[in-house]
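Here are some short notes for a first look at this structure. Please keep the sequence and the 3D view open as you read.

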Amino acid sequence: MPTRWADNDVYGHVNNVEYYAFFDTIINTFLIREGGLDILTGGVIGVCAESSCRYHASLSFPETVEGALRVAHLGRSSVRYEIALFKAGMEHPAASGTFVHVFVDREQRRPAEIPPGLRAALEPLVVVTEE
């Protein structure tokens with residue numbers, strides 16, 4: 001994803017809130033393209049229950065941001081993602097974080113089972129970490 005002129009703050013680097021927008025974009029682009037998430041009319045939607053970000057290096061305009069996504073936990077109605085953002089071509093992330101989606105019924109906003117198409121797309125991203 002390219003950074004935008006408006007992403008920079010007065011200090012000349014991407015403002016911290018934009019990192020969360022990158023996280024959200026990476027996750028939802030994946031869910032729409034790979035899992036068939038229907039953001040407009042689907043019966044189940046994902047809502048953010050928790051998120052965090054650690055900043056390791058600055059991003060700025062103009063740069064291209066590359067993202068990495070994996071799943072740390074895949075439950076019945078929730079997913080805990082781990083995300084990393086990289087300057088294009090760099091080995092170490094500029095930022096890393098977590099994002100938890102709880103899937104809910106669009107109308108009632110009650111937890112709902114992750115639809116089969118989304119689950120099938122997410123399962124290959126599950127990683128087992130040693131505790």
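1. Which residue in β3 is the bridge partner of Gly 67? The partner is Leu 85. Bear in mind throughout that this is a predicted model.

2. That pair belongs to a wider pairing. β2 and β3 run antiparallel, with nine bridges joining them. Three residues lie between the two strands, and together the strands form a hairpin.

3. β3 also pairs with β4. Here eight bridges join the strands, again in an antiparallel run. Look at Ser 78 to find one point of this pairing: Val 102 in β4 stands opposite.

4. Now the core. The largest nonpolar core has 30 residues. Leu 31, Tyr 81, Ile 83 and Leu 85 touch the most other members. Two or more residues each come from α1 (16-35), β1 (44-55), β2 (65-74), β3 (78-87), β4 (95-105) and α2 (116-122). The largest share is that of α1, with seven residues. As background, nonpolar side chains in soluble globular proteins tend to be buried together.

5. Leaving out residues up to four places away in sequence, Tyr 81 touches Ile 27, Leu 31, Leu 69, Arg 70, Val 71, Gly 97, Thr 98, Phe 99, His 101, Phe 103 and Leu 122.

6. Finally, the surface. Ile 32, Ile 39 and Leu 40 make a nonpolar surface patch of about 300 Å². Leu 40 sits in the loop between α1 and β1. Is Leu 40 buried or exposed? Leu 40 counts as exposed because its relative accessibility is 69%, and the cut-off for exposed is over 50%.

Note on methods. Residues are numbered from 1 along each chain as its sequence is written. This is a predicted model: local features need pLDDT of at least 70, side-chain atom pairs count only at pLDDT 80 or more; totals for chains, interfaces and linings use all residues. Side-chain values use heavy atoms; hydrogens and water are left out. A nonpolar core is a set of buried Ala, Val, Leu, Ile, Met, Phe, Trp, Tyr and Cys residues joined through side-chain atoms within 4.5 Å. Buried means under 20% relative accessible area, exposed over 50%, partly exposed in between (1.4 Å probe, protein chains only). Helices (H or I, at least four residues) and strands (E, at least two) are DSSP runs, numbered from the N terminus. Contact means heavy atoms within 4.5 Å. Two strands pair if DSSP finds at least two bridges between them. Patches are made of residues with over 30% relative accessible area and no salt bridge: like charges are joined within 9 Å, nonpolar side chains (Val, Leu, Ile, Met, Phe, Trp, Tyr) within 5 Å. Accessible areas come from the Shrake-Rupley method with a 1.4 Å probe; for residues, only the protein chains shown count as cover. A salt bridge is a side-chain nitrogen of Lys or Arg within 4 Å of a carboxyl oxygen of Asp or Glu.
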